[in-house]
Amino acid sequence: MPSRTSERSPELRKIIHVDMDAFFAAVEQRDRPELRGLPVIVGGDPNGRGVVATCSYEARQFGIRSAMSAAKARSLCPQAIFVRPRMDAYREVSRQVMTILRSYTPLVEPLSLDEAFLDVTAATADGTLAVEIAREILDRIHRETGLTASAGVSYNKLLAKLASDWRKPHGLFVIPPERGLSFLTPLPVGKLHGVGPATVKKLSAMDVETVLDLRNLSLEFLVAHFGKSGGWFYEVARAIDERPVQPSRQRKSVGTERTFSKNLEDRSVMLTTLQEMAPQVVTRLQALNLVGHTVHIKARFPDFTTVTRAHTATGGIGSADAIAALLPELLDRAVPKSTSVRLLGVTVSGLVHVLPASRVVHQMSLLDEIHNLR
């Protein structure tokens, strides 16, 4: 373990990240036996502008992945079976899974319907190993829900989350303190939490491709080029992540954004792109039983200057149409005429919980699109 971590954290934490395998598609295959063993895609209409929410492992063999357009997915696998999302069914299974997790520790931080962090440090005080708890959790999930999950075990969130993806599906991987640095060393920088596509591109221009390359940069250099984020990049490259597991974390906003490989110059394309994001945001709101009161758009220009503009409504905003109606004006306010952008995003804030029966549900051709849930 890096000495800096031991200096800050005298007692090592025991963190588990649990991630359901191909969650939506797995639920569909469980509930419809005739789909088992077949390439199943959960998402929008391949004849429209839908996207893939998730897909079975059989479909992934064809190169299909989450957030891909449904039309492209069908071209890659014409025999794929497209299924519309059943959010109520996924929420019910998620409740079962979270109940299992909370039976081991109250320190459970759900990240979405299908994944969560657990801090089992206290649960291991009697000598029980964190890996034993993780293995039992996976067995119980399989036995009680008929679904599989994967888990990663380590001493911080960064490594636990990376580990859970290492042996999917239905895998378990442990990164002990003495292996934290060596595990990260050869990984692409894009694997690190907080290092998005735009940052990967900027780092690549600096000949930084791997975590080792990033680790070789000084703190001063990273802060000079990336501001506050530079300090975070410096630490995670050294396997340092002191974020606690937060069971009562209050979500302040729900949104999505997209960084473009080539700057957008056409305003009609900008607006269309923003409008395509509206159903993605609503999908997440519905999954969490939330509505909001404020719609924001975010725009980043070629020089990396970023602006946001917002509109607050008196009533709850919970439909794609309600969001889309506000986007033309917000775009005009955020992006001057004849200006190109490298990133656009849509976010809803001012969130309040609603009962499923009273949720503002608009006929969005059943979520033409699910982006941030898997």
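The legends below describe close-up views of a predicted model.

**View 1. Five strands make up an open sheet.**
The strands follow one another in the order β5-β6-β1-β7-β8, and their pairing is mixed. At the edges lie β5 (108-112) and β8 (172-174), each of which pairs on one side only. When direction is ignored, neighbouring strands of this sheet are turned by 15° against each other on average.

**View 2. Strand β1 pairs with strand β7.**
Residues 15-20 form β1 and residues 149-154 form β7, and the two strands run in the antiparallel sense, with 6 bridges between them. Within this pair, I16 stands opposite V153 of β7. Leaving aside residues up to four places away in sequence, I16 touches a set of residues that includes F117, L118, I133, A151, V153 and A160.

**View 3. Helices α5 and α7 lie against the sheet.**
Helix α5 packs on the sheet and touches β1, β5 and β6 (115-119), while its direction makes about 155° with that of β5. Helix α7, which covers residues 157-164, lies across β1, β5, β6, β7 and β8 and runs at about 145° to β7.

**View 4. Helix α5 covers residues 87-102.**
Buried residues of α5 include M87, Y90, V93, V97 and L101. In general, an α-helix has 3.6 residues a turn, so residues three or four places apart point the same way.

**View 5. Helices α5 and α6 pack against each other.**
Two packed helices are described by the angle between their axes and the distance between the axes. For α5 and α6 the angle is about 145° and the axes are 10 Å apart, and the crossing is right-handed. At this contact, Q96, V97, I100 and L101 from α5 meet I137, R140, I141, E144 and T145 from α6.

**View 6. The largest nonpolar core has 37 residues.**
Among its members, I16, V18, F23, Y90 and L101 touch the most other members. Two or more residues come from each of β1, α2 (23-31), α5, β6, α6 (130-145) and β7, and the largest share, 8 residues, comes from α5. A second, separate core has 30 residues, including M270, A278, V307 and A334.

Key:
Residues are numbered from 1 along each chain as its sequence is written. This is a predicted model: local features need pLDDT of at least 70, side-chain atom pairs count only at pLDDT 80 or more; totals for chains, interfaces and linings use all residues. Side-chain values use heavy atoms; hydrogens and water are left out. Helices (H or I, at least four residues) and strands (E, at least two) are DSSP runs, numbered from the N terminus. The expected span of a helix is 1.5 Å times one less than its number of residues. Buried means under 20% relative accessible area, exposed over 50%, partly exposed in between (1.4 Å probe, protein chains only). Two strands pair if DSSP finds at least two bridges between them. Axes are lines fitted to C-alpha atoms, for helices over the stretch in contact, and angles run from 0 to 180 degrees between N-to-C directions. Contact means heavy atoms within 4.5 Å. A nonpolar core is a set of buried Ala, Val, Leu, Ile, Met, Phe, Trp, Tyr and Cys residues joined through side-chain atoms within 4.5 Å. A crossing is left-handed if the near helix is turned anticlockwise from the far one by less than a right angle, and right-handed if clockwise.
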